[in-house]
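Open the model in your viewer and keep the sequence panel beside it. This tour tells you what to select next and what is there.

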Amino acid sequence: MVPRNLTNVSGFLLLGFSEETDLQPIIFGLFLSMYLITVFGNLLIILAVSSDSHLHNPMYFFLSNLSFVDICFTSTTIPKMLWNIQTQNKVITYEGCITQVYFFTIFLGMDDFLLTVMAFDQFVAICHPLYYKVIMSAQLCGLLVLVSLVINVLHSFLQTLMVLSLSFSREVIIPHYFCELKQLVQLACSDTLLNDMVIYFATVLLGGAPLAGILYSYSRIVSTICEISSAQGKYKAFSTCASHLSVVSLFYCTCLGVYLSSGATQSSHSSATASVMYTVVTPMLNPFIYSLRNKDIKTALKAFFRRTIIKTPVVLS
């Protein structure tokens, strides 16, 4: 095939998970349920934090930002996939694909950065409790989130511009349920050496550095907890970071599983199925992990629903 510039390609074909017609209603119902649970679960976390003044502190500020990012993260891929299944049309436009790559890259990076910032917050709270309020000021918290956003927006903008410079054949079939940056680059007809180098460099820098920060923070946290003499003190210190540690483990283990599975198998459906773990399952489970293991969140949610019920007018027949 003669390579053509991306701007001459009207759209791409997303293969999704299965081409069997009988499975489409099942896939549609499953992903619609997971998407609704993700949106409403994370929305409840945001409402609980914003409505309870006792939760207006750095830890819950970062948690509410993480919940908002998770909603946006899943919203970049799942609605389009559900629309394609409903309309029985696997086409995604050129503009839609580029937009999906851009926002998916931003929110994936924001997830990673926010988890790192939350690890730093836990480190300061446990290792330097006397200086916690001084160090974790409202200005610093806002600045950390802003810097994370700016870095990921610039990174995503760079990656998107480099994709725009690639040439593709007239018909491009993406063996996935959304436009993933790495697979899109692999399907290009032009030289992708520079794109691959930028992707690998960004992965090491923007993925490895946050992971190193999380590992360092928790190494110091574990060291501090081990120095606590009482068993009750150790349990209390560990319980404050148990939820975050669970989310971090889930996020990185699923991301690592995706890349290991994609390297071990050539099946496109296997790669797409593995990607569901960090694009859908992890954002869906985050609210449950934080709410079930956190008394403050459960108390805030109960108070929120209690106020909502009281304010709801009773209509007499």
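How many helices and strands does the secondary structure of the chain come to? The chain has eleven helices and five strands. Helices (H or I, at least four residues) and strands (E, at least two) are DSSP runs, numbered from the N terminus.

This is a predicted model: local features need pLDDT of at least 70, side-chain atom pairs count only at pLDDT 80 or more, and totals for chains, interfaces and linings use all residues. Residues are numbered from 1 along each chain as its sequence is written, and side-chain values use heavy atoms, with hydrogens and water left out.

**Whole chain**

Show the surface. The chain exposes about 16800 Å², and carbon and sulfur atoms supply 69% of it. Accessible areas come from the Shrake-Rupley method with a 1.4 Å probe; for residues, only the protein chains shown count as cover. Of the 317 residues, 46% count as buried. Buried means under 20% relative accessible area, exposed over 50%, and partly exposed in between (1.4 Å probe, protein chains only). Among contacts with a separation of 6 or more, 79% link residues 24 or more positions apart. Contact means heavy atoms within 4.5 Å.

**The sheet**

Select residues 11-14, strand E2. Together they form an open sheet of three strands in the order E3-E2-E5, with mixed pairing. E3 and E5 stand at the edges with a single partner strand each, so one side of each has no neighbour in the sheet. Two strands pair if DSSP finds at least two bridges between them.

Now pick Leu13. Its bridge partner in E3 is Val91, and its bridge partner in E5 is Ile173. Move to Leu14: its partner in E5 is Ile174.

Select Gln88, in the loop between helix H3 (78-87) and E3. Its phi is near 55°, a positive value in a residue other than glycine. Gln88 counts as exposed, at 69% relative accessibility.

**Helix H6**

Select residues 138-164, helix H6. Its 27 residues should span 39 Å at 1.5 Å a residue, and the end C-alpha atoms are 39 Å apart, which agrees. The expected span is 1.5 Å times one less than the number of residues.

Which residues of H6 are buried? Among them are Cys141, Val145, Ser148, Asn152 and His155. The cover over the buried residues of H6 includes helices H2 (58-75), H4 (94-127), H7 (181-186) and H8 (193-226), plus strand E4 (167-168).

Next, colour Leu143, Leu146, Val147, Leu149, Val150, Ile151 and Leu154. They make a nonpolar surface patch of about 570 Å². Like charges are joined within 9 Å, and nonpolar side chains (Val, Leu, Ile, Met, Phe, Trp, Tyr) within 5 Å. Within the patch, Leu146 is partly exposed, with a relative accessible area of 47%.

**Last stop: Thr240**

Select Thr240 in helix H9 (residues 231-264). Thr240 is partly exposed, at 37% relative accessibility. Leaving aside neighbours within four places in sequence, Thr240 contacts Met59, Gln122 and Ile126. Gln122 is 118 residues away along the chain, yet its C-alpha atom and that of Thr240 are separated by 7.8 Å.

Definitions and conventions:
Patch = residues over 30% accessible without salt bridge, like charges linked within 9 Å, V, L, I, M, F, W, Y side chains within 5 Å. Salt bridge = Lys/Arg side-chain N within 4 Å of Asp/Glu carboxyl O.
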